[in-house]
Structure formats: C-alpha cells, structure tokens
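Me: Hello! I would like to get to know this model, one question at a time. Could you show it to me and start with a term that we will need?

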Amino acid sequence: MRKQLAYLVQLQDIDNQLLDLKQERGNLPETVEKLRAEIEESTQLLDVKRDEQLNAGKERRRIENEVELAKVSLKKYQDQLFKVTTNREYDAITTEIEAAKVVINGGESRIIELLSKEEELSDMIIKLEAHLEQIKSDFEIHDAELLDKINQTSELEAKLLEDRSALIEQLARPIFGHYERIHLAKEDGMGVAQVYLGACGGCFAAIPPQKLMEISAMEDFILCETCGRIMVDPENFK
Ligand SMILES: [Zn+2]
C-alpha cells in the first residue's frame, strides 16, 4: 500500500504538469477549430452566392436576346401593317404585334429584376470575400501560435505521458480506476489530496483524528469522506 500511494503521488504530480501544459495552450485549440469551421461555412455560402449570380446573369442575357428578337419582329410587323390589303391580314399582324409587345414588356421588367438581384449579389459577394479574407488571416495567426505552443511543449508532454503509462502499469487496477474517476471529474484534476492542517487539501473538509492517523500509517487506502479523493500525508513524501 505504501508503494501504491507513492505511485499515486507521482501520478498526481505528472497530471498536474499535464494540466499546466493544457492551460498554457488555453482556448487556442477551440479558437482554431472554430475559425476552421467558419472558413468552411463562409466558403460554401460564397460558392452558393456566386452560382446564383452566374445564373441570374445567364437568365438576363437569354431574356435580353429574346427582347431584342421581339423588337426586330415588332418593327417588321409594324412596317407590314402599312402594306396590308385585307382585314384578315390586318388582324393577323395586329395579333403578332401584341404578342411581341408582351414578350418585350415582360422581358424588360424581368431584366430590371435580375439586374437588381445581380447587384445585390455582387455587394454580398464582396462583403463575404472580405469576411473570408479576415477569418483566413485570423486562422493563420492562431494556427501558427498553436503550432508554436504545441512544438514548444510536445516533447515534455510526450515524456509525461510515457511516465504516466509506466506508473499506471505499477498501480493496482481498482486503485488507478478510483484515482482516474476523481481526477477526470474534478476541475482541478486532483484525485489525490494531501492532508492540510487536519483537513482534506482538496475540499477542506475536516478529517477525524483517527483517520488522520490511518492516513499517516499508510497501511490502508483512505478516501476523503466528503470528496472521495485519496488522502495522503505530505510528511510521508518529503
Ligand atoms: Zn475532500
């Protein structure tokens, strides 16, 4: 039990160092991930808007052609109108003229709609492009910073993780299981707490004198009754 408790104290020390490394990186990993997702989202939206702009332009040019052709026909029918000799001919040409006018009027109002839509899309695209440039540069700055921090600390982290694995192998399964559960559940990552002025160093609950003696004796595995942390006496690990 003495040895197991010593391993636990070492494990806690390693985990404290790993937690420090994580805190040093801060929320950089989340920031980088968030920016990465935002770039993807903005790029997709930009593609959609560019497609819409392209289609609006295509439709407008098609209608412009139709209107041009209808205008040529209209001119032709209007010229023919002066040369008609029968009422039937007159009626037929008048019908053609009306039809051409419908195409021209309908086409022209659609062209106005499309032009305004194209203008709106063009403004939106300019804004989206600027926004995308901005988040791309933010991303590059934060990503470089994160990479730098990871590079600075990765060697130490790898060594700590290696030492951690070696220690875990030395620990009895249920003891490690209990430690790991508390370690992961507590914000401070402390699965082991040192006795401090007769209280638990993790939650500051007072420890009965009998328990204090048992903790010092290190013959048993003693848990804080309040927080469940494994109790050790720092005097034993000096
Ligand atoms: Zn406690």
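Reply: Happy to. A residue is called buried under 20% relative accessible area, exposed over 50%, and partly exposed in between, using a 1.4 Å probe and protein chains only. Please keep in mind that this is a predicted model, where local features need pLDDT of at least 70 and side-chain atom pairs count only at pLDDT 80 or more, while totals for chains, interfaces and linings use all residues. Residues are numbered from 1 along each chain as its sequence is written, and side-chain values use heavy atoms, with hydrogens and water left out.

Me: Is C200 buried or exposed?

Reply: Its relative accessible area is 0%. Since that is under 20%, C200 is buried.

Me: Which residues are the protein donors of the zinc ion?

Reply: Donors are N, O and S atoms within 2.8 Å of the metal (3.2 Å for Na, K and Ca), and sites may look incomplete because water is not among the atoms. Here the donor atoms are SG atoms, lying 2.2 to 2.3 Å from the zinc ion. In sequence, the donor residues follow the spacing C-x2-C-x20-C-x2-C. They are C200, C203, C224 and C227.

Me: What is the arrangement of the four donor atoms around the zinc ion?

Reply: Four donors count as tetrahedral if all angles lie between 85 and 135 degrees. Around this zinc ion the angles are 105 to 115 degrees, so the arrangement is tetrahedral.

Me: Is C203 buried, exposed or partly exposed?

Reply: C203 is another donor of the zinc ion. With 28% relative accessibility, C203 counts as partly exposed.

Me: In which order do the three strands form their sheet?

Reply: Helices (H or I, at least four residues) and strands (E, at least two) are DSSP runs numbered from the N terminus, and two strands pair if DSSP finds at least two bridges between them. Strand 1 (residues 192–196) pairs with strand 3 in the parallel sense over three bridges, whereas two bridges join strand 1 to strand 2 in an antiparallel run. The sheet is open, its pairing is mixed, and the order is 2-1-3.

Me: What is the bridge partner of V195 in strand 2?

Reply: Strand 1 and strand 2 form a hairpin with two residues between them, and L197 in the turn has a positive phi of about 50 degrees. Across this pairing, the partner of V195 is C200.

Me: What is the bridge partner of Q194 in strand 3?

Reply: On this side of the sheet, V192 is bridged to I230. For Q194, the partner is V232.

Me: At what angle does helix 1 run to strand 3?

Reply: Axes are lines fitted to C-alpha atoms, for helices over the stretch in contact (heavy atoms within 4.5 Å), and angles run from 0 to 180 degrees between N-to-C directions. Helix 1 (residues 2–25) lies across strand 1 and strand 3, and its angle to strand 3 is about 105 degrees.

Me: Which residues is H178 in contact with, leaving aside its neighbours within four places in sequence?

Reply: H178 lies in helix 4 (residues 173–185). H178 is buried, at a relative accessible area of 14%. Its contacts are F221, L223, G228 and I230.

Me: Is M218 buried or exposed?

Reply: M218 lies in the loop between helix 5 and strand 3, and its phi is a positive value near 55 degrees. Most residues other than glycine have a negative phi. At 6% relative accessibility, M218 counts as buried.

Me: Is F204 buried or exposed?

Reply: F204 sits in the loop between strand 2 and helix 5 (209–217). Its phi is positive too, at about 65 degrees. With 58% relative accessibility, F204 counts as exposed.

Key:
Tetrahedral: all angles 85-135°; square planar, octahedral: opposite > 155°, others 65-115°.
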